[in-house]
Amino acid sequence: MGRCVICNFEVESFEGLDSCPNCGTTYAPVFFVDDINIAINWQELRGLVMWAEFWANAHKESEDMLRFVYNQAERLEKQFPDRQRLTLYSEIEELRKVYDVEMHNIPEPPPKRLTLNDVLDEVQGIIK
Ligand SMILES: [Zn+2]
């Protein structure tokens, strides 16, 4: 069992799959058996995430690279909701709630991939 690194879709088996059945990414999924707990300083983690965000933003030809970074950052932030946000984009998003700031060349998440679950939700909404 494992999950997609882009949309967190969970699958029983990856056998025979060449892409995520939910979002279609060809990024390799992760196995739950490889989930681990580690000790790290939050500021060090922020540094790692922001460098990854910076790198992925410099390679926009692969939108899934940025989706990967933002998805992993969001999964980590949910585990520690009282902590500072992990990405530069989210930090600036927080500043914008308080200040009228205009910034340029800041990384931002690409549009979300349309997933199978999104389509199913839409269809169920129409049927009701
Ligand atoms: Zn997916």
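1. Helices here are DSSP runs of H or I with at least four residues, strands are runs of E with at least two, and both are numbered from the N terminus. The phi of Asn-8 is near 65°, a positive value in a residue other than glycine. As background, most residues other than glycine have a negative phi. Asn-8 counts as partly exposed because 15 other C-beta atoms lie within 10 Å. The cut-offs are these: a residue is buried with 20 or more other C-beta atoms within 10 Å of its own, exposed with 12 or fewer, and partly exposed in between, with C-beta atoms placed from the backbone.

2. A word on what you are looking at. This is a predicted model, in which local features need pLDDT of at least 70 and side-chain atom pairs count only at pLDDT 80 or more, while totals for chains, interfaces and linings use all residues. Residue numbers run from 1 along each chain as its sequence is written.

3. Now the overall picture. The chain has 4 helices and 3 strands, and from the N terminus on its elements follow the order β-β-β-α-α-α-α. Its C-alpha atoms fill a box of roughly 45 × 40 × 30 Å along the principal axes. Of the 128 residues in the chain, 18% are buried. Among contacts with a separation of 6 or more, 49% link residues 24 or more positions apart; a contact means that two C-beta atoms, placed from the backbone, lie within 7 Å.

4. The 3 strands make an open sheet, ordered β2-β1-β3, with antiparallel pairing. Its edge strands are β2 and β3 (30-31), each pairing on one side only. Two strands are taken to pair if DSSP finds at least two bridges between them; β1 and β3 are joined antiparallel over 2 bridges. Looking at that pair, you will find Arg-3 opposite Val-30 in β3.

5. Next comes α1 (42-57). This helix has 16 residues and reaches 22 Å from its first C-alpha to its last, close to the 22 Å expected at 1.5 Å a residue. The expected span is 1.5 Å times one less than the number of residues. Val-49, Glu-53, Ala-56 and Asn-57 are the buried residues of α1. Seen down the axis of α1, they fall within an arc of 95°, so they line one face of the helix. That arc is taken over the directions from the helix axis to the C-beta atoms. On the face turned away from the buried side are the exposed residues Gln-43, Glu-44, Gly-47, Leu-48 and Trp-51. The buried residues of α1 pack against α2 and α3.

6. Helix α2 (residues 63-79) has 17 residues, which should span 24 Å at 1.5 Å a residue; its end C-alpha atoms are 25 Å apart, which agrees. Its buried residues are Met-65, Leu-66, Arg-67, Val-69, Tyr-70 and Ala-73, and α1 is among what covers them.

7. Two residues show the packing in detail. Ala-56, in helix α1, counts as buried because it has 20 C-beta neighbours inside 10 Å. Not counting residues up to four places away in sequence, Ala-56 touches Met-65, Leu-66 and Val-69. Ala-73, with neighbours within four places left aside, is in contact with Val-49, Leu-86 and Thr-87.

8. Leu-88 counts as partly exposed because it has 19 C-beta neighbours inside 10 Å. Leaving out residues up to four places away in sequence, Leu-88 touches Met-50, Glu-53, Ile-106 and Pro-107.

9. Last is helix α4 (residues 116-127), whose 12 residues should span 16 Å at 1.5 Å a residue; its end C-alpha atoms are 16 Å apart, which agrees. α4 is hardly covered, with a count of 0 buried residues among its 12.
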